[in-house]
Each structure stands twice: as structure tokens, then as C-alpha cells.
There are 2 protein chains.
Amino acid sequence: MIKPSIPKGTRDFGPVVVRKRNYIFQTIRETFELFGFQPLETPAMENLSTLTGKYGEEGDKLMFKILNNGDIFPKAQQAKDNRELGTLITEKALRYDLTIPFARYVVMNRNDLALPFKRYQMQPVWRADNPQRGRYREFYQCDADVVGSNSLLNEVELLLIYDTVLTRLGLQGYELRVNNRKILSGLAEIVGKPELLTDITISIDKLDKIGMDGVKKELQDRGLGEREIGLIENFLNISGDSTAKLAQLQELLKDSETGKKGIEELSYVIHSGLTSFNVTPIIDVTLARGLNYYTGMIVEVKAPATVKMGSIGGGGRYDDLTGLFGLPGISGVGISFGVDRIYDVLEELQLFPQTAQQSTRVLFLNLGEANAKTAFAHVMLLRGKGIATELFPESTKMDKQMKYADKRGIPFVAIIGESELQENMISIKNLQSGKQEKINAADLAAFAF
Amino acid sequence: MIKPSIPKGTRDFGPVVVRKRNYIFQTIRETFELFGFQPLETPAMENLSTLTGKYGEEGDKLMFKILNNGDIFPKAQQAKDNRELGTLITEKALRYDLTIPFARYVVMNRNDLALPFKRYQMQPVWRADNPQRGRYREFYQCDADVVGSNSLLNEVELLLIYDTVLTRLGLQGYELRVNNRKILSGLAEIVGKPELLTDITISIDKLDKIGMDGVKKELQDRGLGEREIGLIENFLNISGDSTAKLAQLQELLKDSETGKKGIEELSYVIHSGLTSFNVTPIIDVTLARGLNYYTGMIVEVKAPATVKMGSIGGGGRYDDLTGLFGLPGISGVGISFGVDRIYDVLEELQLFPQTAQQSTRVLFLNLGEANAKTAFAHVMLLRGKGIATELFPESTKMDKQMKYADKRGIPFVAIIGESELQENMISIKNLQSGKQEKINAADLAAFAF
């Protein structure tokens with residue numbers, strides 16, 4: 001008999017963890033709904049033709065492919081190499097993210113959708129990454145996207161969703177860092193190396209880790225000259241509040257139309273004046289986030305500095321996502337919550353409320369058939385009032401039943417012993433305080449469990 | 001460009017359907033919790049060593065196996081046949097049901113679990129069955145099981161859960177049909193052919209479809225003689241209310257210890273007197289349900305007869321499930337809800353409540369920047385009161401915005417035109433009644449949306 005185990009990088013979620021995770025999901029879901037976003041669910045499996053080539057070469061490698069059913073042996077025989085083998089014996093793979101399935105759904109349902117389509121989706125995705133602390137092969141993504149609207153109002157709404165969710169979760173000191181992809185394009189333009197946009201942003205993105213000298217060294221290695229590096233250094237040295245930063249950007253990028261458009265967009269998003277935030281978004285010109293994908297605003301959410309966690313969410317505007325499936329010209333903007341990391345942050349800061357950890361409130365001990373029968377009526381009464389209640393199914397030693405309550409974290413134990421049965425009373429023990437009291441059975445419904 | 005599609009037998013769930021499905025899930029979840037069951041979630045992928053051989057030969061064939069990542073070509077080259085190929089290039093498969101992963105979890109966590117362990121699990125499973133009406137390759141299972149307790153109280157509780165959930169969903173006229181596997185064993189015993197138990201029950205199970213003559217013919221073909229078929233006919237002709245049926249069973253099976261034990265268990269489950277049901281469970285001696293698996297009570301839930309749907313749930317008691325993974329002697333009992341079928345039943349009987357179909361309540365039209373800014377403050381006010389509200393993101397033709405509200409099924413449209421803006425008023429149109437009224441902006445919070 002082999003000792004059972006689960007695949008590398010996957011997890012079982014026991015009751016306590018499921019409840020806490022559901023608290024996070026529920027908070028996000030309620031906020032999405034409040035802002036008018038609508039739920040979507042797509043299949044775990046997608047056709048390979050939908051997924052292949054959408055996540056780069058690395059993505060194709062990390063996808064979990066599903067073996068075709070039936071006799072695949074003859075087909076496998078025909079393969080000349082690994083790539084051909086894959087093509088011959090698989091035609092489906094597990095969902096790799098929620099964005100491509102969403103784009104596929106929009107294209108398939110284009111005639112029935114009311115545009116703009118504001119959808120949210122909270123489902124697991126699978127990647128054959130090497131598992132490590134905080135990185136799993138199965139994990140949930142929680143996305144909200146708007147497609148079919150170019151309005152910057154959507155950007156503001158999505159930032160507000162971050163602000164609302166994180167506040168509702170009790171977090172303080174998180175940061176909403178915002179940038180605009182066009183500003184980075186503008187920088188590459190005024191540096192005179194638009195073709196090096198990716199190189200420049202990859203280097204800039206590392207400022208946090210390797211410092212200014214490190215970035216300058218890297219830019220040099222990537223073939224930039226002194227004057228160009230100087231311009232980039234000026235860009236990175238932009239400082240002050242948002243208004244000051246925008247003014248400095250204005251000056252630096254004044255010769256780039258793209259850059260100026262980016263500043264205008266960023267300025268609107270930051271200073272729309274539509275509403276007040278609990279935590280005001282800040283400008284971070286070093287923010288890059290997978291440049292090839294985004295075309296407008298980019299956002300990243302940082303956990304409170306007291307917790308070493310880094311990014312707990314991110315997103316941005318992209319053009320023409322559905323163009324991949326033959327429906328061009330639809331712009332979109334979206335955000336994503338990193339639920340696993342948010343979980344760790346709430347755990348570390350002890351922010352999970354009591355209600356997120358609550359299971360059964362009351363356990364009636366089982367002290368023999370007659371007592372249990374009386375107890376069962378009370379159990380049903382409490383359930384009818386919405387109080388999760390159990391009767392221990394076996395009439396075993398009281399000690400064993402008390403241990404069950406303790407292990408389960410059930411706060412109240414109700415006892416109907418022989419004397420209680422005759423007097424029509426119930427003894428109720430609060431396991432937290434240790435206090436025990438005897439009440440009339442008729443008063444049970446009114447008891448403050 | 002290939003027209004995008006999804007794999008055979010899978011489904012996208014759009015907003016309207018997700019909401020209705022969540023209403024069913026939520027009703028089931030709340031009831032499970034009320035009865036003290038605890039949530040569990042297991043990975044979509046399990047090791048093949050966990051799944052293989054647990055669902056019979058058919059199950060092994062219908063499992064979706066995951067191709068190993070990396071270069072599998074050399075390994076595939078070594079294979080001599082289809083079976084060996086599978087072993088060499090796969091080591092994981094998608095969850096096929098929730099029961100085996102549950103057993104695996106119990107064994108892995110045996111030292112930490114408080115027994116009895118009452119768990120519920122609501123997750124998708126995948127089977128490469130040929131898709132047909134009502135049968136999918138990806139579908140949700142909703143299970144509740146108790147392991148580590150032999151008490152028949154658990155059977156009563158699980159029947160009560162069915163009764164509670166279906167009542168809460170507004171269903172009437174469903175049937176809770178109950179039998180006991182030991183009664184069928186007893187029948188095979190008194191017939192003198194215990195080795196034909198499976199044959200007998202397979203035939204009996206068809207009574208609904210092929211009638212008494214059909215069953216008799218089949219039993220004959222399976223090698224039973226006249227006397228034996230006569231005994232089985234007597235068994236099938238048992239009639240009357242539960243008390244009458246039990247008395248007739250008592251007489252028929254009086255020479256089988258197993259049979260009598262089954263009757264005793266069935267009698268307790270039906271007549272425990274612990275509580276009253278909305279729909280009283282009935283005895284159906286023809287009920288069989290995958291005999292090899294169950295060892296005690298078996299239950300099947302039938303949809304109301306007015307809907308042609310058949311079974312919408314089922315379950316039973318099994319011994320020694322965890323023995324498969326080296327932990328013998330743990331008995332369990334469980335039930336399952338067929339969510340896809342329950343969905344179809346509620347749809348056909350129009351039992352989905354309005355609340356299960358509700359998305360955004362109020363759409364503010366976007367009539368230019370100044371108006372939109374004023375509107376946005378109202379939007380945030382309503383959201384703060386828990387009312388899902390949107391501002392149309394683009395300042396386009398009113399007509400287009402009204403169409404959006406209509407298509408989305410948003411019941412109220414709020415309009416702040418030039419005159420409203422100056423008077424500090426809001427016009428609110430009820431799209432269902434067509435009624436429009438103008439209110440003071442200050443009265444918005446009190447308006448009955």
C-alpha cells in the first residue's frame with residue numbers, strides 16, 4: 001500500500017482554511033457586484049488552439065496538457081519529436097489564466113453581450129512552474145475586466161475596487177501604484193531608442209532591487225550611451241507628490257506625443273476628482289508589468305510595508321485582446337487580486353474576523369437514546385433559527401464528546417443528562433469562558449449563543 | 001483565424017446562469033453548515049496512484065490524464081502498447097469524483113481530524129463520457145459525508161438535509177426513496193443464490209423500465225428457477241405504507257440474519273421519530289444504486305413527477321472506504337446533489353426567486369463630464385448602501401445607454417440632465433413599469449430601489 005499523497009505544488013484546503021479563503025472571495029465578489037461587474041465561469045479545459053502561443057514559449061511549456069482518450073498508441077508511434085508527439089496525442093490543456101478564456105468567451109458571444117461588458121471571474125488556473133514558497137501549480141485568480149469601453153472612468157472604478165476590497169478586509173497602509181505604458185514608450189522615444197523600449201523597462205523595473213547604479217550599469221550593458229542613460233536617470237529621479245511628478249514628466253517628455261498622451265491619462269486617473277480614496281493612488285514611473293501586453297494605465301498593489309510580501313494585485317489597460325480570436329478593435333482594462341498572498345497578509349496581521357472562522361456554534365452531547373431524542377428536537381429548533389448545531393451521533397463517553405467539541409472549536413456544549421431530562425432543563429457550557437448554566441428548555445430559543 | 005470553441009462536453013456559464021447556479025450552491029452550502037458539516041477542497045489533479053482502479057475498468061478509461069511536462073518523447077519511444085504508454089508519460093489525472101479524494105484526505109490527515117468527520121465538498125469533476133443531453137464532461141458534484149461513525153442518526157440527518165435543501169429551493173412533490181443493501185443481500189440469501197446478488201439487483205433495478213414480466217424474463221435468462229423467481233416476485237410486490245412494507249419484509253426475510261439487520265436499520269431510519277419531514281421518506285425495495293460500493297442504507301431522490309427528470313440525488317452507507325489507502329475500519333455515509341438536474345427542474349418549474357437573478361439595480365446615464373461627476377457621487381452613495389450601481393462609462397447617445405440597461409435587465413435608470421443638474425434633482429425611471437419621477441438629490445438615499 002503506497003502512502004497517499006497529492007501532486008507537487010497542489011494543496012488540500014481543510015475546513016478552517018476554506019472558510020478564511022471564502023471570506024476573501026466573498027468580500028471581493030460582493031465588491032465586484034456592487035460596482036456592476038457580472039460573474040463568468042469558463043471550463044477548466046480549453047482547446048489547445050485557444051491557448052497555444054498566447055503566453056509566450058515559456059507559457060506553452062508550463063501548460064498542463066490533457067492526454068486524448070482512447071487508443072493513442074498508434075498516433076504516438078508516428079511522432080518524430082517531442083513537439084509533434086504533443087500535437088498528436090493532446091488537443092486540450094488546463095486553463096492557464098482567466099484572460100484568454102475571457103477573450104475567447106467575448107468573441108464567441110459577441111452578438112449577445114451588452115457592451116461594455118464588465119465581467120469578473122474567480123477560478124483556479126494551472127501552471128507547471130517549479131513550486132516554491134508562495135508559488136503553486138494550482139491557484140485561484142480573481143479578475144475583473146471591462147471590455148468595449150475606452151473611457152478612463154473604468155480605470156478609476158477599478159482602482160476604487162482595489163481600495164474598497166482592501167479596506168473591507170481591514171488592511172491599512174497598502175499602496176496603489178499607478179503608471180502608464182505610454183509614458184514608458186515616450187521615454188524610449190525621447191531617449192532616441194524606441195526599439196529598446198523592452199530593454200529599458202526591464203532595467204528600470206529592477207530599480208528596487210539593484211539600485212540606481214545597478215540600473216545604469218545594466219543600461220550600459222544593453223548598449224545605451226551616457227546621454228541616454230542620463231535622460232533615464234532624470235526620469236527615475238522624478239519626485240514629490242503626484243502633481244509635482246506630473247509636472248516633471250510634462251517637462252521631460254514634452255517632445256513625445258505618446259508620452260504626453262500617457263501623462264494626460266495618468267493625470268486623469270489620479271486627479272479625476274470623481275471620488276475620494278481611502279488610500280490615494282500614487283505615481284510610480286518605474287512600474288512596468290509585462291509591457292508587451294499593456295497599452296495604457298498599469299497598476300500594482302503593494303502589501304503594507306510591515307509585511308514582506310510585495311505585490312498582492314495588479315492590472316492595466318490592453319488594446320485588442322479579442323483580436324487574437326478575430327474580433328479586433330475592442331479595448332479592455334482589468335485588475336487581478338492575488339488571493340494566496342492576501343491570505344498570508346491577513347493571517348500575519350491577524351485580520352481574519354471571528355465570523356470567518358466560525359463553524360458549528362452548539363454541540364448537544366449524546367447521552368443515550370431518550371436523552372438524544374429530546375436533544376434532537378432542540379437541535380432542529382436552533383437550526384431553524386439559523387444556528388449551526390450538531391448532536392453527537394454516538395452515545396459514547398462524555399469525555400470523548402467534549403474533546404470533539406474542543407478540537408472542532410465549537411464554543412457551546414449543551415447537555416441533557418438524566419436530571420435535566422426530568423426537569424425539562426438544558427445545561428449549557430461555554431467552552432471559552434468555562435462558565436456553565438442550566439436553563440429551562442423553553443428558553444433555549446432566546447439563549448444568546 | 002480559427003473560430004474559437006470550447007471542448008466537447010464543457011460549458012461556459014454566463015452571468016445569468018452563474019447567479020442561478022450560485023443560488024443552488026448557496027442553499028446547499030448553508031444547509032450543510034447548519035447541520036455541522038465542514039467544507040473541504042481538494043486539488044483538481046490527483047496522482048494516478050490515488051485514482052487508478054478505484055472506479056472500475058470503465059472509470060480508468062474515462063479519466064482525463066495529464067501529460068507529464070518536459071521532454072516525454074524518449075519515454076514514449078519505449079512504450080510497447082497503449083497501457084504502457086500511459087504509464088510512461090502521465091502520472092496525474094483530473095478528479096473523477098469527490099469521494100476518493102475525500103478518502104485520500106482523511107487518510108493523510110487522520111491524526112489531526114476530529115472524528116466523526118462531517119465534511120462537504122462542492123467542486124467540479126471530469127469524465128470523458130460521451131456528452132449527451134444532461135451529461136457533461138465537466139460537472140459539479142455536491143457531496144456531504146460523515147466518516148468515523150456507525151450511528152444511524154447520520155442517515156436520518158442526511159435525509160433531513162435533502163428534505164431541508166429541496167424545501168428551501170421551493171420544490172414540492174419530490175420523493176426520498178430509501179432501501180438497505182442488506183435487505184437485497186438477504187433476498188439473494190433466501191433465494192439461495194447469494195452469489196447472484198449483483199445479477200438479481202441489476203434486474204430488479206430495471207422494474208421501472210421493463211415491468212414485472214421483463215424482470216422475470218431477465219432473471220430466467222440469468223439462470224434463476226421458477227421457485228426463486230417467485231420469491232423475488234413476492235419481494236417486488238411488497239406494498240402499502242412503510243409499516244406494512246416492513247412487516248412484509250420481516251416475514252419474507254425471516255430466515256436471513258443479514259436481511260433482518262437490514263430491515264432493522266431501514267425501520268430506524270424511517271421511524272426514528274426524531275423529527276418530522278416535509279416529505280416523508282418512503283421505502284423502495286427495488287432501489288439498488290451501485291451495489292459493490294454500498295453496504296447499508298441507500299437513498300435516491302426523485303424529482304417531482306410532473307418533471308421528467310428522474311434522480312436528482314443519491315447516496316448511502318459504505319464500509320471501509322479509507323481501507324483503499326491503508327486505514328481500515330472507518331465506516332461512512334454520504335449523499336450527493338445533482339446540481340445540473342436540480343437547475344433544470346427549478347428552471348422548468350420557474351422556481352428561481354427574483355433575488356437569484358438580480359445584478360445591477362441602478363444605472364446612472366452618462367450625459368457629459370459635469371453631469372457624470374455629479375452622478376458619480378450618487379453612484380458611490382448607493383454603493384455605500386449596498387445597492388449595486390453603475391455609471392455608464394461613456395458619454396454616448398442616451399438611446400444606446402438605455403439599450404444597455406434593458407439588455408442587462410437593470411430595473412432603474414437615473415438621469416441627471418442639464419435641468420436636473422441645475423435644480424439638484426435626479427430623474428428616476430423604472431424600466432419595468434415605465435414610470436418616471438423626479439426627486440431631490442438629497443432624497444436619493446431613501447429612494448426604494
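This is a predicted model: local features need pLDDT of at least 70, side-chain atom pairs count only at pLDDT 80 or more; totals for chains, interfaces and linings use all residues.
The same surface serves both copies, and 100% of the contact residues of chain B recur in chain A.

Now take chain A by itself. Chain A is divided into two domains: domain 1 covers 15–348 and domain 2 covers 359–446. Their centres, taken over C-alpha atoms, are 51 Å apart.

Within chain A, look at helix H6, residues 99–108. Nine of its 10 residues are buried, so it is mostly covered, given that buried means under 20% relative accessible area. The buried residues include Phe102(A), Arg104(A) and Tyr105(A). What covers them? Among the elements over the buried residues of H6(A) are strands E2, E5, E6 and E10 and helix H2 of chain A. Chain B takes part too, with its helix H1 (15–34).

The bond from Leu115(A) to Pro116(A) is cis, with omega near -5 degrees. Pro116(A) sits in the loop between H6 and E5 of chain A. Chain B has a cis bond from Leu115(B) to Pro116(B), with omega near -5 degrees. Pro116(B) lies in the loop between H6 and E5 of chain B. Most peptide bonds are trans.

The largest nonpolar core has 121 residues. Phe235(A), Phe337(A) and Phe364(B) have the most contacts inside it. Helix H7 (residues 153–168) of chain A gives the most to this core, with nine residues. Phe364(B) touches residues including Val379(B), Leu382(B), Phe392(B) and Ile416(B). A second, separate core of 117 residues includes Phe35(B), Met297(B), Val333(B) and Ile342(B).

Two loops of chain B carry backbone angles to check. Most residues other than glycine have a negative phi. Asp320(B) has a positive phi, near 65 degrees. Asp320(B) lies in the loop between strands E10 and E11 of chain B, and is partly exposed, with a relative accessible area of 36%. Gln350(B) also is not a glycine, yet has a positive phi of about 50 degrees. Gln350(B) lies in the loop between helix H14 and strand E12 of chain B. Gln350(B) is exposed, with a relative accessible area of 72%.

Note on methods:
Residues are numbered from 1 along each chain as its sequence is written. Chains are lettered from A and ligands numbered from 1 in the order in which they are written. Side-chain values use heavy atoms; hydrogens and water are left out. Domain bounds come from an automatic or database domain assignment. Buried means under 20% relative accessible area, exposed over 50%, partly exposed in between (1.4 Å probe, protein chains only). Helices (H or I, at least four residues) and strands (E, at least two) are DSSP runs, numbered from the N terminus. Contact means heavy atoms within 4.5 Å. A nonpolar core is a set of buried Ala, Val, Leu, Ile, Met, Phe, Trp, Tyr and Cys residues joined through side-chain atoms within 4.5 Å. Lists of a residue's contacts leave out its neighbours within four places in sequence.
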